[in-house]
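Welcome, and thanks for taking a look at this one with us.

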Amino acid sequence: MKIANSGMDARVVVWIREFLLGRMQRVRVRGELSEEVRVTSGVPQGSVLGPLLFLAYVNDIGRNIKSTIRLFAHECLIYRKITKDADMINLHADVDRLGEWAVVNAMKINPSESKAVCFTRDRVKDPLNYSLMGMLIPEANSCKYLGIILHSNLSRADHVNYMVKKAWKALHFTMRILRKGNSNTKSLAYVSLVRPNLEYGAACWDPYREGKINALDRVQKKVAKFVHHKISPNWESLASRRKVSRLCALYKAYCGERAWKDKGDSFKRPHYLSRVDHVRKIRTRRQRTDIVKYSFVNRTIGDWNQLPAEVLKTLPCNPTTFRKRLRKVITEWHQGTPK
């Protein structure tokens with residue numbers, strides 16, 4: 001019904017209906033097959049169309065919700081800026097509408113697996129009394145969203161510790177199975193299995209405190225000894241790679257890519273430009289706390305304004321081309337020979 005109401009061609013709707021209806025399933029346990037049972041809901045497990053059909057089914061979840069809602073696969077995030085009591089009431093009403101949608105659409109939401117987090121730096125916080133389908137949503141100091149740990153005080157420490165622990169686990173596994181491998185195999189395993197753990201989503205959690213930076217670097221130094229039997233191989237530093245990642249993300253916002261347009265629209269030109277400034281300079285923002293000062297946007301604007309004019313003169317350009325220019329410049333900066 002939902003696919004038909006979306007305006008899809010009737011023949012496609014009929015095909016999908018035949019694909020879903022009338023399916024039977026059974027299980028095998030110790031070589032014995034159970035009796036067949038009719039499948040009355042859901043999509044075939046592991047099918048190519050399964051995720052797409054699920055997204056089509058839940059696509060109207062935010063139709064009557066006034067707060068901001070984000071969907072990714074089976075994860076749902078709903079949030080709102082709270083400045084007065086009316087905002088809290090409206091958010092609670094939206095959570096109730098979410099529960100009503102689940103009932104109408106025969107979707108089960110487990111409130112005990114949900115979390116309510118208040119993002120603030122106030123020391124005294126009022127308790128969060130949000131409920132879903134008659135059950136109180138447990139309050140927490142942090143939550144994981146799309147693999148990133150978000151703490152209520154916006155600190156990145158918990159996530160950095162989590163990423164370091166995950167990277168060490170992957171590294172020890174790699175070292176066990178490749179103990180007798182050659183250098184090329186070990187290096188490829190690090191790039192494929194370990195380093196992605198150190199860089200996933202790095203644009204938003206790139207640490208600024210020396211202790212956390214060193215904790216990340218220790219993993220790569222251990223790999224260097226494992227692969228090349230020396231501490232400082234000719235590898236690009238993790239800090240340099242994270243800076244490139246942040247600048248590429250800011251580039252997308254500056255050029256108005258769809259997912260970053262709202263952020264890019266908030267950029268403003270400086271009140272004046274000196275002779276050494278490039279024409280694409282972005283106005284900096286004064287901040288009172290380190291958490292906000294070193295956040296993704298504010299921190300990266302400073303790095304963006306320091307880029308040489310030749311890196312930015314031909315914008316917009318292909319993102320891959322922009323990344324190559326950045327890596328050349330930032331590598332020179334970390335080597336102490338900026339142009």
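The pLDDT is the predictor's confidence in each residue, on a scale from 0 to 100. It applies here because this is a predicted model. The chain averages a pLDDT of 86, and 96% of the residues score at least 70. Among the elements of the chain, helix α5 (residues 157–177) has the highest mean pLDDT, at 93, while helix α14 (residues 319–334) has the lowest, at 77.

- Strands β5 (residues 68–72) and β6 (residues 75–79) run antiparallel to each other and pair over 5 bridges.
- Within that pairing, Arg 70 stands opposite Leu 77 in β6.
- The hairpin of β5 and β6 has 2 residues between its strands, and Ala 73 in the turn shows a positive phi of about 55 degrees.
- Further along, β9 (residues 142–145) and β10 (residues 148–151) also pair in the antiparallel sense, over 4 bridges.
- Ser 142 has His 151 in β10 as its bridge partner.
- This hairpin of β9 and β10 has 2 residues between the strands as well, and Leu 146 takes a positive phi near 55 degrees there.

**A nonpolar patch on the surface**

- Which residues form a nonpolar patch on the surface? They are Phe 119, Leu 150 and Leu 154, with about 250 Å² of accessible area together.
- Phe 119 sits in the loop between α4 (85–104) and β7 (131–132).
- With a relative accessibility of 42%, Phe 119 counts as partly exposed.

**Salt bridges**

- How many salt bridges does a search of the whole structure find? The total is 13.
- One of them joins Glu 199 to Arg 241, with the closest N and O atoms 2.5 Å apart.
- That pair links distant parts of the chain: Glu 199 belongs to helix α6 (residues 183–199) and Arg 241 to helix α9, 42 residues apart.
- Arg 241 is buried, at a relative accessible area of 16%, which is under the 20% cut-off for that class.
- Arg 327 and Glu 236 also meet through their side chains in a salt bridge, at 3.7 Å from N to O.
- Because Arg 327 lies in helix α14 and Glu 236 in the loop between α8 (210–228) and α9, this pair ties together parts that are 91 residues apart in sequence.
- Arg 327 is partly exposed at 29% relative accessibility, and Glu 236 is partly exposed at 23%.
- Asp 265 and Lys 261 form a salt bridge too, their closest N and O atoms being 3.1 Å apart.
- Both Asp 265 and Lys 261 lie in helix α10, 4 residues apart, which is about one turn of the helix.
- An α-helix has 3.6 residues a turn, so residues three or four places apart point the same way.
- Asp 265 counts as exposed at 52% relative accessibility, whereas Lys 261 is partly exposed at 42%.
- Salt bridges with shared partners join Asp 206, Arg 242, Arg 246, Arg 299 and Asp 303 into one network.

**A mostly covered helix**

- Helix α12 (residues 296–305) is mostly covered, with 9 of its 10 residues buried.
- The buried residues of α12 include Phe 296, Val 297, Ile 301 and Trp 304.

**Cysteines**

- A search of the whole structure finds 0 disulfides.
- Cys 204 is partly exposed at 42% relative accessibility, while Cys 248 is buried at 5%.

**A glycine in a loop**

- Gly 256 is found in the loop between α9 (238–254) and α10 (261–265).
- Gly 256 is partly exposed, with a relative accessible area of 36%.
- Its C-alpha atom is separated by 27 Å from that of Pro 196, a residue 60 positions away along the chain from Gly 256.

How values were computed: Residues numbered from 1 in each chain as written. Predicted model: local features only at pLDDT ≥ 70, side-chain atom pairs only at ≥ 80, totals over all residues. Heavy atoms only, no water. Patch = residues over 30% accessible without salt bridge, like charges linked within 9 Å, V, L, I, M, F, W, Y side chains within 5 Å. Areas by Shrake-Rupley, 256 points an atom, 1.4 Å probe, with all protein chains shown as cover. Salt bridge = Lys/Arg side-chain N within 4 Å of Asp/Glu carboxyl O. Buried < 20%, exposed > 50% of the residue type's maximum accessible area, 1.4 Å probe, protein only. Pairing = 2+ DSSP bridges. Disulfide = S-S within 2.5 Å.
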